[in-house]
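Visitor: Could you walk me through the charged pairs in this one? I'd like the cut-offs as we go.

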Amino acid sequence: MKNILLVCGTGASSGFMAKNIRQAAKTRGYNISIKARGDAEVEDYIEEIDVLLVGPHLRYMLQDLEEIADPYDVPVRIIPEEAYGSLDGNAVIDFLLSEFKEI
């Protein structure tokens, strides 16, 4: 099981996105755990996750988030804007597969 943390500014929009990703993963037979939180909570969860997904509107924080994640060997990826904007869970699953080959 992959443990994924999805962050946005306050955790509100990421909650909807995480729900859609969970539904898409279940439909497609992938066993993932995905939590949605605000960007201020990354350090609280970094030791428990395999991947950190970031809302595209937080692209400006990428370097800071990578600095937090690097010591834990947690890859950080920006969710494609189109997938995030449309809350398309299947598109995010496809993105994860393109980045990691398995989830």
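**Salt bridges**

Guide: The structure holds 3 salt bridges, a salt bridge being a side-chain nitrogen of Lys or Arg within 4 Å of a carboxyl oxygen of Asp or Glu. This is a predicted model, where local features need pLDDT of at least 70, side-chain atom pairs count only at pLDDT 80 or more, and totals for chains, interfaces and linings use all residues. Residues are numbered from 1 along each chain as its sequence is written, and side-chain values use heavy atoms, with hydrogens and water left out.

Visitor: Which residue forms a salt bridge with R28?

Guide: Look at the closest N and O atoms, which are 2.7 Å apart. R28 sits in helix α1 (residues 12-28) and its partner in helix α5 (residues 89-100), so the pair ties together parts 66 residues apart in sequence; helices (H or I, at least four residues) and strands (E, at least two) are DSSP runs, numbered from the N terminus. The partner is D94.

Visitor: Is R77 buried or exposed, or partly exposed?

Guide: Buried means under 20% relative accessible area, exposed over 50%, and partly exposed in between (1.4 Å probe, protein chains only). R77 comes in at 24% relative accessibility, so the label is partly exposed.

Visitor: What is the N to O distance between K35 and E48?

Guide: K35 lies in strand β2 (residues 32-38) and E48 in the loop between α2 (42-45) and β3 (51-54), so this pair links parts 13 residues apart in sequence. Their side chains meet in a salt bridge, N to O, at 3.8 Å.
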